[in-house]
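Subject: A structure for you to explore

Hi there,

Here is the structure I promised to pass on to you.

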Amino acid sequence: MQLLMIVLPVFLIFGAGYIAQKILKMDIKSVSALSLYILLPILTFNTFYTNDITMDYFHLFTFTLIITAILGGVTIVIGYFLKADREEMAAMLLGTLFPNSGNYGSPVVLFAISATAFDYAIVLMVLHGFLISTIGIFIASFGTGALITVREAIVNVFKIPVIYGALAGILLQVFDVTVGDKLMEMSEMTGDAAIPVVMLILGMQLAQITKEKFKMKNITAVTIVRMIIAPLVAAVLVLFMPVDDTMKMVFIILNAMPVAANSTMLAVQFNVKPNLVSFSTLVTTLISLITIPICLYLIGI
């Protein structure tokens, strides 16, 4: 019950966003833009500016690439046996490779562990944002038959606002530039608003998912890979990660998260089975109410 109470507040905020969107019919794009271009970059800046840059960040990046490759291979094999076509395969990959580390994972880490762990979660969120804006866009374009070039992939990286927040924080720290206390206080106050806002946004996005036809076997495959196989693979990989136990727990928790909301956005943008990806987001998010407390229990929280 105690572990359930860690996840339940998160779902209550999701629910508030869901109900608000159903009743008020708000413009999600405007709210998302506020979070994407202002709140999250400032939060990311605070994290990278106030935390020492160590080899742990490199290890996180390396093992994030490894788990992405493993899950990609597993999904392709499952898709082959399910006789998934090119578009279905791309949609399944969008669902299995990218966890919801921003809207969902980071708040759970904050509630379940500590502020230090939350900083690790923000770093991972930036890494996941990097991957979904490169590999994710490549997969989505593959599903439509219009592959992007390496140059386009690089350009897409620099379209991610949090990248600039991270770079600013790193540069100021490396060159030992001191930010005034009042300015830093204002920055932290603004950044702290990011998490509740992105949680509300996820609830609003879930409210817009519509009932459409899809193959249940594909949804089942995405759910199994995302909610069961991914955290198991993460649990094995952390045995080889030369980082502290807190970072290992964060790595497992974030990889146990449901399908990323950004995956749905890519599926809609490239018209790659958006109904399959969006419904996978809904199903995995609901199932996480059970799986996340189990995950937290198994890692000793």
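Predicted model: local features only at pLDDT ≥ 70, side-chain atom pairs only at ≥ 80, totals over all residues.

**The largest pocket**

Let's begin with the empty space. Rolling a probe the size of a water molecule over the atoms shows where empty space is left. The largest pocket here holds about 1,500 Å³ of space, and 48 residues line it. If you want to find its centre, look for L36, Q205, A261, N262 and M265, which lie nearest to it. Several helices give two or more residues to the lining, among them α5 (101-112), α6 (115-144) and α14 (274-298). Which helix gives the largest share? That is α2, with eight residues. As for the classes of residue in the lining, 26 are nonpolar, 19 are polar and three are charged.

**Helix α2 again**

P41 also has its place in helix α2. Is P41 buried or exposed? Its relative accessibility is 11%, and buried means under 20%, so P41 counts as buried.

**A nonpolar patch on the surface**

Now turn to the outside. F158, Y164, L167, L171, V174, F175 and V177 form a nonpolar patch on the surface, and together they have about 700 Å² of accessible area. One of them, V174, is found in helix α8. V174 counts as exposed because its relative accessibility is 56%, and exposed means over 50%.

**Two loop residues with a positive phi**

Most residues other than glycine have a negative phi. K83 is not a glycine, yet its phi is positive, at about 60°. You will find K83 in the loop between α3 (55-81) and α4 (86-97), and with a relative accessible area of 73% it is exposed. D176 also has a positive phi, near 55°, without being a glycine. D176 lies in the loop between α8 and α9 (181-192), and it is exposed too, with a relative accessible area of 65%.

**One more stop, in helix α1**

Finally, have a look at M5 in helix α1 (residues 4-24). Its relative accessible area is 44%, which means that M5 is partly exposed. M5 and Y18 are 13 residues apart in sequence and 20 Å apart in space, C-alpha to C-alpha.

Enjoy exploring, and write back with any questions!

Best wishes

How values were computed
Residues numbered from 1 in each chain as written. Heavy atoms only, no water. 1 Å grid on protein atoms, 1.4 Å probe; cavity = no way out; pocket = protein on both sides within 12 Å on 5 of 7 lines; lining within 4 Å. Points joined across faces, edges and corners; volume = space filled by probe spheres on them. Helix = DSSP H or I, 4+ residues; strand = E, 2+ residues; numbered from the N terminus. Nonpolar A, V, L, I, M, F, W, Y, C, P; charged D, E, K, R; others polar. Patch = residues over 30% accessible without salt bridge, like charges linked within 9 Å, V, L, I, M, F, W, Y side chains within 5 Å. Areas by Shrake-Rupley, 256 points an atom, 1.4 Å probe, with all protein chains shown as cover. Salt bridge = Lys/Arg side-chain N within 4 Å of Asp/Glu carboxyl O. Buried < 20%, exposed > 50% of the residue type's maximum accessible area, 1.4 Å probe, protein only.
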